[in-house]
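Subject: Structure handover and notes

Dear colleague,

I am passing on the structure we spoke about, with the sequence beside it. Please open it first and keep it in view while you read the notes.

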Amino acid sequence: MRIDIMTLFPEMCEAVLNESIIGRARKTGKVELNCINIRDFAENKHNKVDDMPYGGGMGMVMAIQPIESCYKSLCEGEEKPHLIYLSPKGKTLTQERVVELSNFEHIVLLCGHYEGIDQRVIDTIVDEEISIGDYVLTGGELPALVLADSVCRMLPGVLSDDLCFEEESHFAGLLEYPQYTRPAVWNGLEVPEVLLSGNHAEIEKWRRKKSFEITRERRPDMFSKLEFSKKDLKILKEMDEKAKE
């Protein structure tokens, strides 16, 4: 998979993408990640990429020409890649959408700045707008890095095993169960006995139960959409009976 990030701050993005799991995946060819400086495509003396908004108002707006020229340079010799503009006006990023995006061969992430980008860019070349939450940041780089990281870790070979993400929060519509490591006792706080038992069936049941408890308490909207197996319904019944005691 190829992911291109169109940005005014490529060094900022490179510093993150070269580290940890994503950095290793990049070096071993599991994913191709490129950070492209939009400013390099400005056709003016001072490489200016912004201008004053029509109608007045505070701040500046990123202009069409540098963005369009930058994007066209990424489309040479292939079909149009999927262009995502990171914007607080976009649909909120979900794990479901992350999984869908991981199946694309080539996506391009556009990072806005200042007061945003000329609407005509959105109308003509942007395929979708995505937000990472209901708040506003100073630019699109952090959201782009979040999206790139979440998509890359879904690709084959990036994580050591599919279970690394299949049992995580949101992947299957549930929040993740609690995790523990050594020592077994810390300042009087003990690891749940079932996790030390070696009984894998009971451990699996405990983890499933904890995921149900946490999801129902913290994200009832997610919990209400779940489809339960007969085994799950039995666990839920036991939970409800215990709660009544």
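This is a predicted model: local features need pLDDT of at least 70, side-chain atom pairs count only at pLDDT 80 or more; totals for chains, interfaces and linings use all residues.

Residues are numbered from 1 along each chain as its sequence is written, and side-chain values use heavy atoms, with hydrogens and water left out.

Cysteines

A disulfide is a covalent bond between the sulfur atoms of two cysteines. With the cut-off that a pair of cysteine sulfur atoms must lie within 2.5 Å, the count is 0 disulfides. For cysteine 13 the closest cysteine sulfur belongs to cysteine 35 and is 4.8 Å away, which is too far for a bond. Cysteine 75 is likewise in no disulfide, since the nearest cysteine sulfur, in cysteine 70, is 9.6 Å away. Accessibility is given here as relative accessible area, where buried means under 20%, exposed means over 50% and partly exposed lies in between (1.4 Å probe, protein chains only). Cysteine 13 is buried at 0%, and cysteine 75 is buried at 18%.

Salt bridges

A salt bridge is taken as a side-chain nitrogen of Lys or Arg within 4 Å of a carboxyl oxygen of Asp or Glu, and the count by this rule is 12. One of them joins arginine 26 to glutamate 14 at 2.8 Å, N to O. Because arginine 26 lies in helix α2 (residues 20-27) and glutamate 14 in helix α1, this pair ties together parts that are 12 residues apart in sequence. Helices (H or I, at least four residues) and strands (E, at least two) are DSSP runs, numbered from the N terminus. Arginine 26 is buried at 17%, whereas glutamate 14 is partly exposed at 23%.

Another salt bridge pairs lysine 48 with aspartate 50 at 3.6 Å, N to O; lysine 48 is partly exposed at 39%, while aspartate 50 is buried at 14%.

Surface patch

On the surface, Phe9, Met12, Tyr135, Leu137 and Leu142 form a nonpolar patch with about 460 Å² of accessible area together. Patches are made of residues with over 30% relative accessible area and no salt bridge, like charges being joined within 9 Å and nonpolar side chains (Val, Leu, Ile, Met, Phe, Trp, Tyr) within 5 Å. The areas come from the Shrake-Rupley method with a 1.4 Å probe, and for residues only the protein chains shown count as cover. Phenylalanine 9 itself is in the loop between β1 (2-7) and α1 (10-17) and is partly exposed at 39%.

Buried residues

Valine 49, in the loop between β2 (32-37) and β3 (50-51), is buried at 2%. Its C-alpha atom is 5.7 Å from that of methionine 62, although the two are 13 residues apart along the chain. Contact means heavy atoms within 4.5 Å, and, not counting residues up to four places away in sequence, valine 49 touches several residues, among them Leu8, Val61, Met62 and Tyr114.

Alanine 148, in helix α6 (residues 141-152), is buried at 0%. Leaving aside neighbours within four places in sequence, alanine 148 is in contact with Ile3, Leu33 and Leu109.

Best regards
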